[in-house]
Structure formats: structure tokens, C-alpha cells
Amino acid sequence: MPAILEVQQLVKKYGDKVAVNGISFDIQAGEIFSLLGPNGAGKTTTISVLSTLYMPTAGDAVIGGHSVVKEPMAVRNLIGVVPQDLALYEDLTARENLSFWGQMYNLSGKALNARIDQVLEQIGLKDRANQRVKTFSGGMKRRVNIGVGLLHQPRLLFMDEPTVGIDPQSRRAILDSVKDLNRQGMTVLYTTHYMEEAQELSDRVGIIDHGDLIALGTQSELTRQVGEYEALQLHISEMDDSEALAQALRSVEGVVRADVIDHNITLITPEAEKILAPVVSRANERGIRIHTVTIQEPNLEAVFLHLTGRALRD
Amino acid sequence: MKKILLLGWKDLTLAFRDRAALIMMLLAPFALTLGLGLVTGGLSGGSGSSGLSAIPLVLVNQDSGQLGGELVNVFQSAELAGLVAPQVSGDAAAARKLVDDDQTAAAVIIPAGFTASIIPDAGTGQSGAAAQIELYTNPSRPTSSGIIQAIVDQFINQVEIGRVGAQVTVSGLIASGRIEPQQAAVLGEQLAARQAQAADNPRITLTGVEADSPAVEFNVLAYMAPGMALMFLMFTVSNGGRTLLVEKAQGTLPRLLVAPLSPAQVLLGKMFGVFLTGTAQMLILIVASTLLFQLKWGNPLAVLVLVLACVVGAVGWGMLITALVKTPGQAASIGSAVMLIFGILGGSFFDISLLPSWFRTVSKITPNAWGLDGFSRLALGSGLAEIVPDIAGLLAMGVVLFGVSLFLFMRRGVIQR
């Protein structure tokens, strides 16, 4: 498959601060490629340069045969951008927003109207099309935000953390829509700091930290690099103090890291089976009942931990 | 070009969906005009105290006849006492010098033989050689001198009505055989003189006369309404410029900058939006005040051209404010301050032609001053040709300020990659 995007030694500095430090990668047509990294890693800056918003300090990127440095206008016709923050006119209706942005991308007349109807259907807002965006929930606004990026059927869609700050239901809908778009042939560059999203969506993943691309490959290629780590996931009762238990488990021999999300505790360890008994014992000592235990194969979280010594959410 | 128009139309739509902006754009200037009109008596027909008072002028009466004295009496009448402050002089050259030195708004010079040129001699029945009143006006005080001109015009109109009326009456009496042709000259003189005396009646007022009366029709609201409209136009343009920073903060500007249009198109589109909004605001205020206050703004084409020029000048300031500040909040604060300062400096609250010349010079940095000058001239009957300097001043202001703003935008990288 031909590469639709080739990034070549891309550098972006703000004064003395290096936001992107000479990264190189490519994306094949039809692929979902995720840039995974914590906040401040350089994901948004990378997308901003690739989408021609900023000039790179050095290096270049070629999209569909056009340089982002030398031919920004040609690049803009090929790409769609879904920014991290909502970029909509809240006093316009959903339809008016789509119409305005469609015309900015050279759509007009019947083709524009037909495309607006398709996108409204796609984002599930056909019945709210004529209501002002400011009356929408956060999730609905996110969907309009995505709809604007899809309207002109770009060859390459940049999605910059599109699920930040929304409810699980809307997040699920967005992830499903990304997979749908990809099935229809759209190439997607997706940035996230959620390991689960990158794992679920991506054909290939680039892990970025402090402006450096520290790992690149398919998920299996990446996890093979750090095969010695496994994840042990515990689900405990809502009545119990998950933070206190995690704190106690951090002192168990063999536990490299313990993270808590709601009532789930994830333990990173070289050998999950070995720590299982002491973990259950510590829980029992505190009168905490473990509902389920899951041992996960090495994942991207473990890869990041292995490469940086930090968790993605640090 | 289409995208620039679309950007402008989008901003116009957003402006008219913003209730707070609508209040400031339309309701506030209207309410202030109405309020100031009530305070100054502009709605009840008095000469008021809106700043259009004690207009200094010099009267030079070289006419030995009756009409010259009548015109002096008109200016010295109780009805115009609050409006004009006449000073009588016998020296026409000295009177003109007072105008040239900006000591007075106008000199009214009534030439010798003025009465004789209108009223036929009782003995011969012949009128004297044509003699015209000279109105020597101060171009830097267009409103004041326009009012004096309107009073003089009205006096002449009434004298003319008297003269023609007397001729028709005398001809009718001769035709019906009620008087002999030899009596015509004496009777004609008596009738014309009686009509001329009517010029001293209280119909010469600022407002509040019968619809069919030919009295002076300068309404203080015709000064207040453009003053307020121009002041709040400054709000609209600073608020419109502010939307560029709002769009930057809310992410729509970056989104525009990665769409297939150039930064110049984005900036021009934003400017066009402010221009459209300002124009719509001015036109709505003009139409509303015409319908509700029966204001006469003057030649419609000239008014439209002047409105467009005012908006160009004001948009220049709006863009400059936007280029100088960093946040939408700063733009709002500075925009409001500039609106008030320009309102005072530009004469939106009082007639600056009564103030020292240095003040009037400084006021020329504001679109308010140029605009008010033009609107005052148009309300007093001038045409497009007479307001060309105002239009040129406003357009030059807009172009220069746009250039400076563009330079600042580029330097700060607001619209650049």
C-alpha cells in the first residue's frame, strides 16, 4: 500500500523549548495510525504541523505527494482535522455549522446539502440538525466537531484526542465511528493518551514522549519489546477503598506499578501468577473482596512504562 | 472572494444572534438618543441645550430699508435667544475676519439696497438692483453655520413669499377693477412690507412647527441620532474585531487556517463581517429614527455613502484595537473605553464646533468627528459633493489603520503559520 503521509525528521520548537524532536514515520493509505503519549508529549503540535497550522522548525512531511512546507494549500484539500477542543460556532445550528465549513472546503449546492444530510445521519444528529449547537450536550458537540472534519471526505483525517472529557457512551460512539470511517476507506491519524483507545483502534502505533517518537510498530511488535511485563487487573466492590488497597499492593514483591481507575486496580508485574497469592492475601487482610481477577498479556501501557519508567497518565 | 463573503455573512449572523451585542448595537444608541432628546427638549420643539446653543455670529446691516432691520430682529428675537448669540457690527471686513480667526461661526452681511431690491419704490414702482445677503461661514463649524444659514434661508423664503403674494394680490385687484393701476405700487409695497414683518414671527424655531410650515427644520435629534449611532458603531467594530481573538481562543480560527483558504482571506472575511455588521447597525438606526422621530437625514444616496465611509473608518480602529491586545477581554475593555473617548472627542455628546480649534483638530482622529460633520451637513441640505472631504477623511483613516493593523497581525503571527 502506498504511504499517504511521510514524516521526515520533523522538528518544532517554541523558542528554546523543543515540542517535536526530529520524528519520522509514515502512514499507509487505509490505515488507522495512533500517536500515543501523555499530555504534553507533542501529539497536538505534531498534528498542528502536519495540518499546516504551524510551520515546522526543521524537516518536512509529505501528504498525498505534497509538502506541508511548500504546498500547504494542496495539503489542506486532502486532509480533514478534528481538533481536540470544540471548534464550532455555538450560535449556529448543527446544519449551519456543517454548511459553513463545507463551503470553506469548496462544497456547494446540492452536493453540499446531500453531504450534510449524510454526515448528520452518520453522527446521529439528523433530528437535531436545526437546533443551535449551544443547546447540545458535550457528546453531541463532539460529534458535530467530528462531522465538520468528515464533510469534504478527506483522504487523511487527523483526530486529536476526540474523546477527551466526554461520557463513556459518547466515547464508545466516537470509537465506533472511527472504525466505520476506516472500513469505508478513510485513513486516520489518531492521537490519544488512552492506551485502551490506541489498542482498540490502531493498525500501528507510534509512542511519543517529550517530543521524541520512542517506539513505532504494530501492537504485537511493540509488546514483544517488553514481553516480560504483564498486567493483573482486579475489580473490587464499590464499597471498598480501591486507593488504599492499591497503596498496600505497591509494597508486594514483584509489583512494578499499581494504578487505580474507579474500582479497578491494574498491577504491572513481570509475573502475574506469582503475585496473585500475596495480592489476594493483602485484600483479605483489609476485608476487601476481589470480584474478578484478569491477567492481561503485555500491553501498550506496559510498553510505555518499560520505555519511560512512567505511566501514560503521569 | 466567495469565502470572504461567507465569512462576513457568518459574522453578521452571529452578531445578530447575540442578544447582549444587539442591546449595545441597537437598543442603547436608540435609548440614549431618545433620552438626550427628552432632556434637551428636542422632542418638544425647543431650541434646547444640547450643545447647539449660543452660536456666535456677527450681523452687519448695511441696508437702510425695512428688511435688513427685520432680519437683525429675527436673530435678536426671544425665540432664538437660547440658540444664537448675535453681535452687531458695522464693518463687514472685520466681521469676516472674526470668522477667519475662528472667533465666530458666521457673519451675516446685509448689503445696502437689500430692501429696495425686493420691495418696489412707492413712487416709481421699480425695484432696485439685485442685492444678496452674504453669509460668510466658518467651515470648521459646519453645524453652527448650517443653522445660521437655515435661519437666513427661511427669512428670505418668507420675504419672497410676501413679495410674490403681494404681486398676485395687486394683479387680481387691478383685474377685478377694485383699484386703479396707479394705486398698485403703493398697495404692493404695503402688502410686501406686512408679509416681511411676518418673518419676525416665532415660526423660526428648531422644531415643533406645523407640517406645512416652511420654518427651519433643524431638529436637535438630527444631531443626537448620528452622534449616538457613531459612538455605538465604535462598540460594534471593536466587538467585531474582538471576535477574531474569540475565534482564536475557541479554536475556530485555527480550524479556518487549516481549511483551504489563505490567511489573507480569513482576515479580509473577518473585516468584511465587521463592516457588514456596522453598516447594518447604522442603517437600522437611521431607518428607525426616520420612522419614529421623523428625522430628516438628508439625501439618501449621500447618507448611504457616508455610512459606508464611516464604517470603513471605524473598522480600521476596530482592527487596530484587536491587533494591539492579546485577549478578547482586553479588546472588550479597551473597545469600550475608546468608544466613550471617541464619543466625547468626536462630538457625539455636544457640538465640538463651539470648542477651541485645537480640540477640533484632535477630534479628527475619530470617525465620529468626520461622520458627524458629514451627517450635519446632509441634514441641513448639503449633497454628496459637500461631504467629499468627510468621506475622503474616513476612507483614508480606514486604509491607514488597516495597514497598521495588518503589520501588527503579521508581526504577532495571529493569522500566520
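This is a predicted model: local features need pLDDT of at least 70, side-chain atom pairs count only at pLDDT 80 or more; totals for chains, interfaces and linings use all residues.

Tutor: Residues are numbered from 1 along each chain as its sequence is written, and chains are lettered from A and ligands numbered from 1 in the order in which they are written.

Student: How many helices and strands does chain B have?

Tutor: Helices (H or I, at least four residues) and strands (E, at least two) are taken as DSSP runs, numbered from the N terminus. On that basis, the secondary structure of chain B amounts to 15 helices and four strands.

Student: What share of the residues of chain A is buried?

Tutor: A residue is buried if 20 or more other C-beta atoms, placed from the backbone, lie within 10 Å of its own, exposed if 12 or fewer do, and partly exposed in between. Among the 314 residues of chain A, the buried share is 42%.

Student: Which residues of helix 12 of chain B are buried, and why are they on the same side?

Tutor: The buried residues of helix 12 of chain B are B:P328, B:A331, B:G335, B:V338, B:M339, B:F342, B:G343 and B:L345. They cover an arc (that of the directions from the helix axis to the C-beta atoms) of only 160° around the axis, which places them on the same side of the helix.

Student: Which exposed residues does the face turned away from the buried side of helix 12 of chain B carry?

Tutor: On helix 12 of chain B, the face turned away from the buried side carries two names to find in the model, and these exposed residues are B:G329 and B:A337.
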